[in-house]
Amino acid sequence: MSAPGENLKINGERLWDSLMEMAKIGPGVAGGNNRQTLTDADAEGRALFQSWCEAAGCTMGLDTMGNMFAQRPGTDPEALPVYMGSHLDTQPTGGKYDGVLGVLGALEVIRTLNDLDVKTKHPIVVTNWSNEEGTRFAPAMLSSGVFAGLHTEEWAKARVDAEGKSYGDELKRIGWEGEEPVGSRKMHAMFELHIEQGPILEAEGKDVGIVTHGQGLSWTQVTITGKDAHTGSTPMPMRKNAGLGMAKVLQLVDEIAWSHAPHAVGAAGHIDVYPNSRNVIPGKVVFTVDFRSPELSVIEDMEARLKEGARKICDEMGLGVEFEKVGGFDPVKFDEGLVGKLREAAERLGYSHQDIISGAGHDACWINQVAPTAMVMCPCVDGLSHNEAEEISKEWASAGADVLLHAVLETAEIVE
């Protein structure tokens, strides 16, 4: 099998037009999108995607979690398919590209192969994974998690939104519950194209990022207890200020993350202070420390140092402290062979590139547990994502899709 030539590229204008057309469905209030999972807007976006896939000669599969699989046949009926895709659902104040680029970039690969009448030994499948964002129904990457065996379907379908509506009921309501058993598909490989959602590629002036790892994550909920007291009449030596204890622990969190620079990060995003009154010294605080790293040993070290250091701080201040692990997953190492194909594709096409670690979770991180998987990323302006102002350029989108095209063809094997 010969490698695809460097002149083989997708139609960048057509990809961009598709992105803009999809963005008309579930418009946000500030130029982005609010196409949350299993809403009427999601159903409309799915229908448009299906119509485009069928126009491209694909047959659509739909599983019991609502995952969509558009298949282009291969010449060998026994060969396992090569998958590519991402998600069409968005945050409540989401951008036009997060997830969507990976789905429509994959569809553009199929359209390009059709234009050039290129045949492959392996079938090629474009996937729309349901509820990647996890905003309406937690957790994120829910349906790919069920596919990969991390969650049971029963548990996933029982997840409820803020109004008490269940995933299973809403999937039925919008008419996108299929009959294919979730997780029954076997994959030869899976690729995911995504925007970086961070500032590195733009800052380094790179066309694409080759994702070698996905960060692991650890969420530890910390509860510090002191004593509510009047802020004006309680002498300084007699205070048991839980808020001050938290401040010192958060300083520690920052120091721990810096000690594992440059790839480790840490902060607390969720913080509750009680009684949260202007003239009461906080008697209790609850906050969640989020540590991330591509190395499991680093995550374990950060967790251990947090507990040891926080206990020492609180003991010295006469405060109580408790810890609860409330979330997390191990780091992901993507398939070296597929990563190599992406890197070679970027080289062949003349695109500047660098290896990168994904700081966010993606469907590919779960699918990596059941099939060889890899990711390619394109830059996004100022690294901004999960925001209606999220922006990429047409050239960045095209470069990422070109690299995807070449790596998929290498993996699916061109038939001469």
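Residues are numbered from 1 along each chain as its sequence is written. In this predicted model, local features need pLDDT of at least 70, side-chain atom pairs count only at pLDDT 80 or more, totals for chains, interfaces and linings use all residues, and side-chain values use heavy atoms, with hydrogens and water left out.

Q: What distance separates the centres of domain 1 and domain 2?
A: The domain assignment gives domain 1 (12-214 + 331-415) and domain 2 (216-329); such bounds come from an automatic or database domain assignment. In contact (heavy atoms within 4.5 Å) are 7 residues of domain 1 and 9 residues of domain 2. Taken over C-alpha atoms, the separation of the two centres is 36 Å.

Q: How much space lies in the largest pocket?
A: A pocket is an open set of points on a 1 Å grid over the protein atoms alone, where a 1.4 Å probe fits, with protein on both sides within 12 Å along at least five of seven lines; lining residues have an atom within 4 Å of a point. A volume is the space filled by probe spheres set on the points, which are joined across faces, edges and corners. For the largest pocket this comes to about 1300 Å³.

Q: Which strand gives the largest share of the lining of the largest pocket?
A: The lining has 45 residues, and L217, R292, G359, A360 and G361 are the closest to the pocket centre. Both domain 1 and domain 2 give the lining at least three residues. Strands are DSSP runs of E, at least two residues long, and helices are runs of H or I, at least four, numbered from the N terminus. At least two lining residues come from each of β8 (216-225), β12 (284-293), β13 (320-329) and β15 (353-358), and the largest share, 5 residues, is from β15.

Q: Is H386 buried, partly exposed or exposed?
A: H386 lies in the loop between β16 (373-378) and α12 (394-412). Not counting residues up to four places away in sequence, H386 touches Q91, T93, D98, E133 and Q197. Buried means under 20% relative accessible area, exposed over 50% and partly exposed in between (1.4 Å probe, protein chains only). H386 has 39% relative accessibility, so it counts as partly exposed.

Q: Is E133 buried or exposed?
A: E133 sits in the loop between β5 (124-128) and α4 (142-147). Apart from neighbours within four places in sequence, its contacts include H87, D98 and H386. With 9% relative accessibility, E133 counts as buried.

Q: In which strand is H194 found?
A: UniProt (unreviewed entry) also places a "binding site" feature at H87, D98 and H194. These residues are spread over 108 residues of sequence, but their largest C-alpha distance is 9.7 Å. H194 is buried at 1% relative accessibility. Its place is in strand β6.

Conventions:
UniProt positions renumbered as here; feature names shortened; annotations may be inferred.
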